[in-house]
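Okay, thanks for coming, everyone. Let me put the structure up and then walk you through a few spots in it.

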Amino acid sequence: MLAMQHYNSSGLASPNLLPNQTWGVEGVPAMAWRANITTERPMPPPSNPTAAGLSMTLGILSNIVALVILAKAFARLRRRSKATFLLFASSLVATDFAGHVIPGALVLRLYSAGTATGPLARAATDAPCQFLGGSMVFFGLCPLFLGCAMAAERCLGVTQPLLHASLVTTARTKMALALIWLLALCVAFLPFFRLGAYTYQYPWTWCFIRVLGETQETDVAFVMLFSGLGLASLTVALVCNTISGVTLVLARLRKKCKTCYRRSAKSHDIEMVAQLVGIMITSCICWSPLLIFGLMSVTRSYSGSIGSDQDTYRRLMVMGVRLASWNQILDPWVYILLRQAVLRKIYRITKSRASFKNSTFRHWDISSFQNSEKINTVNRI
């Protein structure tokens, strides 16, 4: 998905074209066809094609490194309580990897083939657009669903450890993962059953749900379903992570006061909750704009009140998809950087540097004091 963000978006197509219109001569009035030919201009080439390749490479390497680390940790902790979390995290990184490569490669292929020349260059409902739009919906919902499931699993493990041990197993976790992927796939397939539609989006190099133009009731329903599921997942993850964090803080306070030892917070629980909070913050920052902008665009377009603001909402959608594409790069780094081993190394490095500075200052104070004493002795003599 990140590859689409590097295309130049300096100018918008001037005519207000219908997104569900077939771009052919048949069925189009002659005057309208001639007007489109004269006013529609091909989109300029990408401002920096090298940046798109570098972003794709960065995302691929980040997800591969995270997958290797997670695979080693899962093999080492297969029989412990953290194994379920690692299985969820591995599935999340693998989904991000696929969601980064598949849509991004398709966007680069469409552009490199010379087809990114505006909406007149292709049909609005062709097979590549349908596949790209469905991929973006599927790979957009999966990380949000997985983050929600991970937060709920950790909340149960922190607040009710005995119930978690009896209910959560590896087999049930795999079944939950299959259901999550199946649910996201069913939502992505809804336009094929006439609920909503996928169309090319400005600057005509990527496809998504139809939110502008001649929107219908089904388009509004599909956007509300997509955005509602995404925002609901973020809300549930926020609530669960808040409960887990408060429980761990209270457990630490009880442990310090020596009044209760039954729920002592373990280090791996703190590590997992910290990673979940990082994933939740990343998802909120990256996905909330696209979900909200989609709702705003489709409601105003359907009500007919968008008027001359259509170009503004096109730019907002482009900005939203750019932010959403960064989620697949930042997710693996959240796990890589918020591991217990990395945090310990950072703590030790900062602690050693602080102690070194203190020892240097003390040595400087002692040596300066000794030198001043020598100078005073010489002056007396």
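So, Met175: buried or exposed? Met175 is exposed, because its relative accessible area is 54%, and exposed here means over 50%, with buried under 20% and partly exposed in between, using a 1.4 Å probe and protein chains only. This is a predicted model, where local features need pLDDT of at least 70 and side-chain atom pairs count only at pLDDT 80 or more, while totals for chains, interfaces and linings use all residues. Residues are numbered from 1 along each chain as its sequence is written, and side-chain values use heavy atoms, leaving out hydrogens and water.

Met175 is found in helix H6; helices are DSSP runs of H or I with at least four residues, strands are E runs of at least two, and both are numbered from the N terminus.

How about confidence? pLDDT is the predictor's confidence in each residue, from 0 to 100. The chain averages 76, with 69% of residues at 70 or more. Helix H6 (residues 170-188) has the highest mean, 94, and helix H1 (residues 30-39) the lowest, 35. Over residues 5-47 pLDDT stays under 50, and the model has 85 contacts beyond four places in sequence for them, a contact being heavy atoms within 4.5 Å.

Now the rings. There are 5 aromatic pairs, meaning Phe, Tyr or Trp (six-membered ring) centres within 6.5 Å, with planes under 30 degrees apart called stacked, over 60 edge-to-face and the rest tilted. Trp206 and Phe208 are tilted, at 6.1 Å and 35°. Phe208 and Phe226 sit 5.7 Å apart with planes at 80°, so that pair is edge-to-face. This second pair links distant parts of the chain, with Phe208 in strand E2 and Phe226 in helix H7, 18 residues apart. Phe208 counts as buried at 4% relative accessibility, and Phe226 is buried at 2%. Ring pairs link Trp206, Phe208 and Phe226 into a cluster.
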